[in-house]
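Hi,

Here is the structure I promised to send over.

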Amino acid sequence: MNEVFDSIELKVVEQVVNILNRCTDVYIYIYDLTGDKLLISEDILNTFDFPGASFSNASQYIQKIIFPSDLHAYTYGIEELKAGRREEFNSEYRLLDKNSMPVWVSARGKMVNISDSDNKVIIGCISLIESRDRMDSLTKLPTEGVMRRDFTILQEKKRSVSGFIMKVNVDNLGVINEHYGKKTGDLVIKLIGEGFEKACGTDGKVYKLAGDEFACMNLSGSTAPEAQRIYQSLKRELSEAEMRINYDVVFTVSVGAVAFFNDRSSLEDLMQKLQFALQTAKRKGKNTLAMFSAGDYSRHVRSLGIQEKLRDSIKNEFRGFELFYQPVVNARQLYLDSDNTVTNVIGAEALIRWTDPVLGTLSPEEFIPLLEKTGLIIPVGRWILITAFNKCREWNKIQKNFHMSVNLSYIQVKKSDILTDVQIALGASGVNPANITLELTESGYMDSENELQALVNEFNKMGLKVDIDDFGTGYSNLRYLQYLNAYTLKLDYSFVHKATGGDEGDEKVIRHITQMAHELGMLVCMEGVETEEDIGKLKIYEPDKYQGFYFGRPCNAVHFREHYLRPDIKKDIYKPKA
């Protein structure tokens, strides 16, 4: 080995280093990378188990005391120096002290040229770091601040990064703390941290985030399958941990992961995607892994954007919202004239529509669930009630017995004072309550039959009619229909199409439901009527009302008034002439 430390120039440097080591709290060192020999302050021997202040095979001793999950970052920096791709070394990592406890250190250095040697030599210093901001006191893992620093350093050097980040969340930690105590909760967190470190091994560095979360970051080019392998390994580690504590407490974790290749995104952007993946795992029932999906995330971002636009519309006097109306016809007397040209429209169902200046007209299937999810359905529901009731009163001046049907969202009913809202709309509009029908979807009240019955009774006391909408979708309770005092049972279009499809079993079921509703004093409305052939097949069930595209698609108020409203003053002209 070329003894670079024997060179005259380096001897002088060594003397200077020894002098400085007696004048400072940091540990100044000279590291001959080529000869793998280290000269360092003797004071460091008080903390770390080095063989001396000057020794060969330095890399072997350093790797022996460096914290396992920090080894990759250290060796990467050294290899960059050896390859000549950088001239400075600046890294933070943990060294194990003489008690095998991790101690954070900051190592800095710069390559120097020794005139009479070709060896690569770095001169620098090592300083101890206050661990409070670098290490979690419970798990002894590096903190999120360290994670951000690690990411920033590598991204600044490479500009783009490849690899993955995983985020682990302890399922139901609050329940564990409440049931077993905080001490047990801390034990669970510690066990998960240990298991996560073992699962990641050298394939990623584990960090303790805030609360009950951990992260594993790999920026060395690993891919999604590696993240999935780590997750499977983590599950095994946690199962073994539960067994070691004799199953005194059982715990699970939800995991989200995002993989990337030559990505220039900020860590904030990646963490947002990671959080979305984690929430996906939670939505799937917890105790599972969800890999980030760009398509799902794009839809999520779109959903958030729509929510903001909906809020803006509501704040600006419901700008963009409009009610469309679909005709409801009398199935017992489809036409008013003998030529079958004037459809007997007896009412309409009010249907919400929304148009955004940028997104255009959105499908109700897209924006209504967002209204319900955010609670915005409550102010929008009030607007619908007042608007529809006003329109009914206006049209009753033309067609006295015209009925208006308005849907009530289950969320709207549960989270607002719906009885007061309806009463206010009745008073503000002055509409005849007998001409108003409120539609409730019975599937939302499967677990609260008494609540639904009480609600229907209160609406009946106000003089309102109540229809049960979408009957036949999912689980439908035939038993409690007799207690509801509902006005109409509306058979869902998918259910009706079974009757028109020719299946004998479906026909018998629909015939039985229709007969039962009539025996209970309810009317029956069949939705989804699309062709004249449908009418021919459905009339054998003797329904009372029809609704569907055959009679008219939902349209705005102007179109409805022009094409479907029947003025009472003209009713005599529909009678056949003698």
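This is a predicted model: local features need pLDDT of at least 70, side-chain atom pairs count only at pLDDT 80 or more; totals for chains, interfaces and linings use all residues.

Residues are numbered from 1 along each chain as its sequence is written, and side-chain values use heavy atoms, with hydrogens and water left out.

There's an open sheet of 5 strands in the order 8-9-7-10-11, with mixed pairing. (Strands are DSSP runs of E, at least two residues, and helices are runs of H or I, at least four, numbered from the N terminus; two strands pair if DSSP finds at least two bridges between them.) Strand 8 (205-208) and strand 11 (289-291) sit at the edges with a single partner strand each, so one side of each has no neighbour in the sheet. Strand 10 (253-263) runs parallel to strand 11, joined by 3 bridges, and Gly256 stands opposite Ala290 in strand 11.

Now the residues. Thr280 is in helix 8 (267-283) and counts as buried because its relative accessibility is 15%; buried means under 20% relative accessible area, with a 1.4 Å probe and protein chains only. Its side chain reaches the backbone oxygen of Phe276 at 2.9 Å.

Met462 lies in the loop between helix 14 (449-461) and strand 17 (465-471), and is buried too, at 18%. Its C-alpha is 7.1 Å from that of Pro433, 29 residues apart along the chain.

Cheers

Technical notes
Buried means under 20% relative accessible area, exposed over 50%, partly exposed in between (1.4 Å probe, protein chains only). A polar contact is a pair of N or O atoms within 3.5 Å; within protein, one must be able to donate a hydrogen and the other to accept it, and residues adjacent in sequence count only if both atoms are side-chain atoms.
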